[in-house]
Amino acid sequence: MTATVTRDPAAPPATPRRRVVVSGPARAAIGFASGALLLFALAPSALSDFRLSLLAKYLCLAMVAVGIGLAWGRGGLLTLGQGVFFGLGGYAMAMHMKLADAGPGELPDFMALYGQLDALPWWWRPFASPWFALPATVLLPMLVAFLLGSLVFRRRVRGAYFAILSQALAAALVIFLIGQQGTTGGTNGLTDFQGFFGYDLDDPVNQRMVYFIVAGGLLLLLALARQLMHSRYGELLVAVRDGEERVRFLGHNPATVKLVAYVVAAGMAGLAGALFVPAVGIINPALIGVVPSIEFVVGVAVGGRAVLLGPVLGAVAVAWARTSLSEEFPAAWTYLQGLLFVLVVAFLPGGLASLPALARRLRRTPRQEVGT
Amino acid sequence: MTGLEIRGLRVSFDGFVAVDGVDLTVAPGDIRFLIGPNGAGKTTLVDAVTGLVKATGSVRFGDHELLGRPVHRIARLGVGRTFQTSSVFEGLTVLQNLDIAAGAGRGAWTMARRRRTVPVAVSEALETIGLAGRQDALAGTLAHGHKQWLEIGMLLVQNVDLLLLDEPVAGMSHEERDATGALLAAISAARTVVVIEHDMDFMRSFARTVTVLHAGRVLSEGTVAQVQADPRVQEVYLGTGGVA
């Protein structure tokens, strides 16, 4: 039953699947406790520093996936532009770290290198303060999502049109960043960070600390997503996904319902981007554009978009497969990923997370062997 | 209780006039049947009243003019409707369906939390529509007739004053039809009901008043007996207009 999924051994566990009679909250508590155990005790002791920092990266991508699971899996909003919010969070954090590295009154190293600027651009200045930069990593993406969402959902843009629009936003942000090389680092992005709030990022102990922060962040987002999914709002969100017009006739405004999911998902992606920067040490346009935005969605689809842990498992599994396969077959990965997406959409719409239920069903009806 | 007053209602789609100057007054507590051949404009009329299609003229519900308001605002004023095809949320349970219907105007704090108890209105509606034992069943697994009742239950918990039902008994067995009719009679004690129906037996048994629409206009109006005696109605239903 558990051998159905090939995934990173350090991936968080699925909720207990055995048919033991435990209440919902108790199950959740067990799930979160075993997740915490795995992430905070097992993974750090079992993995090398290198593997652990890779895992930190995967978990950041998984945080984006949790948001997509909410917006797409529960709300039906196929958002192909989560890279934008991931990027906004990432750049906000990176700008702060660059300024902190440079010291008060100094230009970040890359600006000094290009030599086009005498003074810090005005929009960089607030990011010198952690009191601005840290909240901004989450609030800025939420603000952008709010503005776009209010416009789009009220005008009843949906389905493929919404997907294309959200993707266009990702393309636009990338074009902007590359065009503004002098102030954004262009294609190179922002990298070469020395410190993270006074801690030396080269020190493995501090890298480990960053991993713990990422793991904690992921558990936090999972708890938030779970609360939302089980709330009345979560029920209404599913209703909007399945019958938007009907919801309208019951006196609800679907635009508002969708907006909340979209904004929350954006905030999650922003936090993920912010933690990605210290964990991986770089943020650049190639990490936030159209292709990575699609990859986020592929991971969620593979894992199973409509259940809590599906997106996390999928994101980690796909990112892990990408790392291991693209080392050996760099050219083939993109095709493989596309193939994976097609296979899942065509044959396993519920994603990997639906395999246990599928296996149970197969076992209950004629006693046959279980696939995969 | 609130009645409905429609004056000069006109709906056109790209030059095709689906509703052509309809005047219609439904008294509070009435059970009004809208009948007429296919294409008479019955459903379009309901669409216009509920804000789904643009219309000119006037639709007054109590003190409110409905035309020009968005769908969810009209719903919050107390106008509820069902559709020809059942449109319950199939992936949600009966209870969840009803709870969502009861939930317009809930605050953010209530929405962010889990439903701990069954709201009183919801449990009453469960009794009324006879689905009390099935509250945790997925709506998609209900039989067709039960889905239609769930729809009516959703309007009850939505606490609407005016129910607009589009072919509520289509596809139902005789027993289910009678039960639905009794349900409508009970509902009309405190609410106004408008029913679009093709089933003439059902209409004869449960209508209090009838309006016959034909080609976007009101052809005849009155009690069941009056309408049946109207030669123009007979012509539309039995003569050449029967197919139109």
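The mean pLDDT of chain A is 88, and 92% of its residues reach 70 or more. The structure is a predicted model, and its scores are ipTM 0.88 and pTM 0.88. Among the elements of chain A, helix α15 (residues 355–364) has the lowest mean pLDDT, 83, while helix α11 (residues 254–280) has the highest, 97. Two stretches of chain A call for caution. Over residues 1–20 of chain A the pLDDT is below 50, and the model gives this stretch 40 contacts beyond near neighbours in sequence. Over residues 367–372 of chain A the pLDDT likewise stays under 50, with five contacts beyond four places in sequence.

Chain B averages a pLDDT of 90, and 97% of its residues score at least 70. Within chain B, the element with the lowest mean pLDDT is helix α10 (residues 231–238), at 82, and the one with the highest is α3(B), at 95. The pLDDT falls below 50 over residues 240–244 of chain B, a stretch that has eight contacts in the model beyond near neighbours in sequence.

The overall form of chain A may be taken next. Its secondary structure comes to 15 helices and four strands. The radius of gyration of chain A is 21 Å, close to the 21 Å that the globule rule gives for 372 residues, so chain A is as compact as a globular protein of that length. Along its principal axes the C-alpha trace of chain A spans about 75 × 55 × 40 Å. Of the 372 residues of chain A, 47% count as buried. Among the contacts in chain A that link residues at least 6 apart in sequence, 78% join residues at least 24 apart.

Glu244(A) is found in helix α10 (residues 244–249) of chain A. Glu244(A) counts as partly exposed because it has 17 C-beta neighbours inside 10 Å, whereas a buried residue would need 20 or more. Between Glu244(A) and Ala255(A), eleven residues apart in sequence, the C-alpha to C-alpha distance is 9.3 Å.

In chain B, an open sheet of four strands has the order β2-β1-β4-β5, with antiparallel pairing. Its edge strands are β2 (16–26) and β5 (64–65) of chain B, each of which pairs on one side only. Helix α1 (residues 42–49) of chain B packs on this sheet, where it touches β1, β2 and β4 of chain B, and its direction makes about 70 degrees with that of β2(B). Inside the sheet, strand β1 (residues 4–13) and strand β4 (residues 56–61) of chain B pair in the antiparallel sense over five bridges. The bridge partner of Leu4(B) in β4(B) is Phe61(B).

Strand β4 of chain B also holds Ser58(B). With 14 C-beta neighbours inside 10 Å, Ser58(B) counts as partly exposed. Leaving aside residues up to four places away in sequence, Ser58(B) touches Arg7(B), Gly8(B), Glu65(B) and Leu67(B). The C-alpha atoms of Ser58(B) and Arg232(B), 174 residues apart along the chain, are separated by 27 Å.

β3(B) pairs in the parallel sense with strand β8 (residues 192–196) of chain B over four bridges, and Ile31(B) stands opposite Val193(B) in β8(B). Four bridges also join β3(B) to strand β9 (residues 209–214) of chain B, again running parallel. There, Leu34(B) has Thr211(B) in β9(B) as its bridge partner.

The last element considered is helix α6 (residues 144–157) of chain B, which has 14 residues and reaches 20 Å from its first C-alpha to its last, close to the 20 Å expected at 1.5 Å a residue. α6(B) is mostly covered, with twelve of its 14 residues buried. Among those buried residues are Trp149(B), Ile152(B) and Leu156(B), along with Lys147(B) and Glu151(B). Their cover includes β6 (79–81), α3 (94–101), α5 (120–128), β7 (162–166) and α7 (174–187) of chain B. α6(B) is followed by Asn159(B), whose phi is positive, near 60 degrees.

Terms used
Residues are numbered from 1 along each chain as its sequence is written. Chains are lettered from A and ligands numbered from 1 in the order in which they are written. This is a predicted model: local features need pLDDT of at least 70, side-chain atom pairs count only at pLDDT 80 or more; totals for chains, interfaces and linings use all residues. Helices (H or I, at least four residues) and strands (E, at least two) are DSSP runs, numbered from the N terminus. The expected span of a helix is 1.5 Å times one less than its number of residues. Two residues are in contact if their C-beta atoms, placed from the backbone, lie within 7 Å. Two strands pair if DSSP finds at least two bridges between them. Axes are lines fitted to C-alpha atoms, for helices over the stretch in contact, and angles run from 0 to 180 degrees between N-to-C directions. The radius of gyration is taken over C-alpha atoms; the globule rule is 2.2 Å times the number of residues to the power 0.38. pLDDT is the predictor's confidence in each residue, from 0 to 100.
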